[in-house]
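Here are my notes on this model, as numbered points. Please read them with the structure open.

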Amino acid sequence: MFTGKEIDNIKKLSEEKSDENWKFRTFLKGCDEKKIDRIVHRLYREISSEIDCNACANCCREISPVLKEKDIKRLSRGLKISDDLFEKKYLIKRENNEEYIFNKKPCPFLSGNLCSAYLYRPDDCRLYPHLHKKDFIFRLIDVIDNCSVCPIVFNPKFRRRYPDGIEMQDVARNNNFSI
Ligand code: SF4
Ligand code: SF4
């Protein structure tokens, strides 16, 4: 079970594994996206059941979720303040972009390892680390970025050695998947 102590190593180890990650990305580009999605979804369910996000909260420290209009409305309603005040207190616009993000990192709603606005949190937070979604092989740059943040993405079951691209088949075999 993940205890939270491993998080300090993830950034460093991800940097060390950078070449390997990019080789894996190249390999996956040639694979059947539906088959890869099936493997990733099953691995994600398995790995996330072994990890306690409350012992981690690293995404809330390292990632800037994008807030859509409905996220802003839900949060400001939940906090019982106006959208305008919410924007003023908590948000900035991304550079060269119309999208909003929180004005601080770690997130202003992070309290210890818990989200103080959990019921109203943005969709981006609910969906992180996005491994349940379709089209994994078309989102590999984000996946590689998330390796240095999230122990679910970094997990050895995803990150077994992939130098020749052969090991994804080993991952499949070892987990009784067909590829
Ligand atoms: S709103 Fe909550 S879940 Fe989202 S980043 Fe902030 S603390 Fe984390
Ligand atoms: S989603 Fe990943 S980074 Fe976020 S709290 Fe859970 S294990 Fe940590």
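**Notes on the predicted model**

1. Start with helix 8. Its face turned away from the buried side carries Ile141 and Asp142, both exposed. Keep in mind throughout that this is a predicted model.

2. Now the other face of helix 8. The helix spans residues 140–147, and Val143, Asn146 and Cys147 are buried in it. These three sit on the same side of helix 8, because they cover an arc of only 110° around the axis.

3. What do the buried residues of helix 8 pack against? The partners are helix 1, helix 2 (18–29) and helix 9.

4. Helix 1 covers residues 7–16 and includes Asp8. Asp8 counts as exposed because 10 other C-beta atoms lie within 10 Å, and the cut-off for exposed is 12 or fewer. Asp8 and Ser148 are 140 residues apart in sequence, yet their C-alpha atoms are 9.8 Å apart in space.

5. Helix 9 (151–154) also turns up at a ligand. Together with helix 4 (58–62), helix 9 gives two or more residues to the shell around ligand 2. That shell includes Cys53, Cys56, Cys59 and Cys150, along with Tyr128 and Pro129. By class, the residues around ligand 2 are 11 nonpolar, one polar and no charged.

6. Ligand 1 has its own shell: Cys60, Pro65, Cys107, Phe109, Leu110, Cys115, Ala117, Arg121, Pro122 and Cys125. How does this shell divide by class? Nine residues are nonpolar, none is polar and one is charged.

7. Next, the pairing of helix 5 and helix 6. Helix 5 runs over residues 69–79 and helix 6 over residues 83–90. They pack at an angle of about 100°, and their axes are 9 Å apart. Helix 5 and helix 6 are therefore roughly perpendicular to each other; angles of 65 to 115 degrees count as such.

8. Which residues make the contact between helix 5 and helix 6? Helix 5 brings Ile72, Lys73, Leu75, Ser76 and Leu79, and helix 6 brings Asp83, Phe86 and Glu87.

9. Last, the chain as a whole. The protein chain has 11 helices and five strands. Of its 179 residues, 21% are buried. Among contacts between residues at least 6 apart in sequence, 72% join residues at least 24 apart.

Conventions. Residues are numbered from 1 along each chain as its sequence is written. Chains are lettered from A and ligands numbered from 1 in the order in which they are written. This is a predicted model: local features need pLDDT of at least 70, side-chain atom pairs count only at pLDDT 80 or more; totals for chains, interfaces and linings use all residues. A residue is near a molecule or strand if its C-beta atom, placed from the backbone, lies within 6 Å of it. Ala, Val, Leu, Ile, Met, Phe, Trp, Tyr, Cys and Pro count as nonpolar, Asp, Glu, Lys and Arg as charged, and the others, Gly among them, as polar. Helices (H or I, at least four residues) and strands (E, at least two) are DSSP runs, numbered from the N terminus. A residue is buried if 20 or more other C-beta atoms lie within 10 Å of its own, exposed if 12 or fewer, and partly exposed in between; C-beta atoms are placed from the backbone. Two residues are in contact if their C-beta atoms, placed from the backbone, lie within 7 Å. The arc is that of the directions from the helix axis to the C-beta atoms. Axes are lines fitted to C-alpha atoms, for helices over the stretch in contact, and angles run from 0 to 180 degrees between N-to-C directions. Angles under 35 degrees count as roughly parallel, over 145 as roughly antiparallel, 65 to 115 as roughly perpendicular and the rest as oblique.
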